[in-house]
Amino acid sequence: MNRLQQGDIVLFQGDSITDCGRDRNNPNSLGNGYPLLVDSWFGMNFPEMNVTFLNRGISGNRVVDLNARWEEDCLDLKPNWVSIYIGINDCWRRYDSGDPTSTQDFKDGYRKLIERTKSALDAKLIMVEPFVLPHPEDRRAWREDLDPKIHAVRDLAAEYGALLVPLDGLFAAAAVRREASFWAPDGVHPSPAGHGLIAKAWLETMGVHLS
């Protein structure tokens, strides 16, 4: 069942994976990643539904950064659906900058985003869990930090009745079919095929199945 309705506004929020080169000077720019693919496929198949997709992802963002700009970049836009995809930088900064985010701080910050959204908007939530693939090899060590954050996203989705896109498992399964670097050359940022995987999973979670 297609959960999107006539005239819905869908907001994609997140970090570089969502941002994917969008034009900051054009509020309608979707970048070159999965938000563009979702818009392309959905618009082609359901043009009469007049659904608007917006992208406000910003490269490098963590949960704390989303909270800092949530009023302007989410609530003021009055979306009917808020898609949140955050978490890999909350892990990554521990390893490249010695600036960790604890799982509790991550979960508390994420909960604050959800609570602010639910109190200000009559919007539904779709939460995309972060993933990492073991390429380069050092990414394997990140599981210690990322896995508890993935479980935090799953717990919050269950608690608040949000939809969940289970990306970590989907990318792990994809990396059995073809080497990890094919899907994400640095283990984090998806290739075109990786963005296609995200777009397909996102649409299917929304009840829209690719033919």
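Guide: Helices (H or I, at least four residues) and strands (E, at least two) are DSSP runs, numbered from the N terminus. This is a predicted model, in which local features need pLDDT of at least 70 and side-chain atom pairs count only at pLDDT 80 or more, while totals for chains, interfaces and linings use all residues. Residues are numbered from 1 along each chain as its sequence is written, and side-chain values use heavy atoms, with hydrogens and water left out.

Visitor: What pattern does the chain follow when read along the sequence?

Guide: The chain holds nine helices and five strands. Taken in sequence order, they give β-α-α-β-α-β-α-α-β-α-β-α-α-α.

Visitor: Where in the chain is confidence lowest?

Guide: Confidence is given as pLDDT, the predictor's score for each residue from 0 to 100. The chain has a mean pLDDT of 98, and 100% of its residues reach 70 or more. The highest mean, 99, belongs to strand β3 (residues 81–85). The lowest, 97, belongs to helix α4 (residues 88–96).

Visitor: Which residue in β4 stands opposite tryptophan 81?

Guide: Strands count as paired if DSSP finds at least two bridges between them. β3 and β4 run parallel and are joined by five bridges. The residue of β4 opposite tryptophan 81 is lysine 124.

Visitor: What is the handedness of the β-α-β crossover from β4 to β5?

Guide: β4 pairs with strand β5 (residues 163–165) in the parallel sense over three bridges; isoleucine 126 has leucine 163 in β5 as its bridge partner. The chain passes from β4 to β5 through helix α6 (residues 143–160). A crossover is right-handed if, with the strands pointing away from the viewer, the path from the first strand over the helix to the second runs clockwise. This crossover is right-handed.

Visitor: How many of the five residues of strand β4 are buried?

Guide: Buried means under 20% relative accessible area, exposed over 50%, and partly exposed in between (1.4 Å probe, protein chains only). Strand β4 (residues 124–128) is largely enclosed by the rest of the structure, because its buried residues number four.

Visitor: What is the relative accessible area of threonine 101?

Guide: Threonine 101 is found in the loop between α4 and α5 (103–120). Not counting residues up to four places away in sequence, threonine 101 touches Arg62, Asp90, Phe106, Asp145 and Lys149, where contact means heavy atoms within 4.5 Å. Threonine 101 is buried, at 15%.
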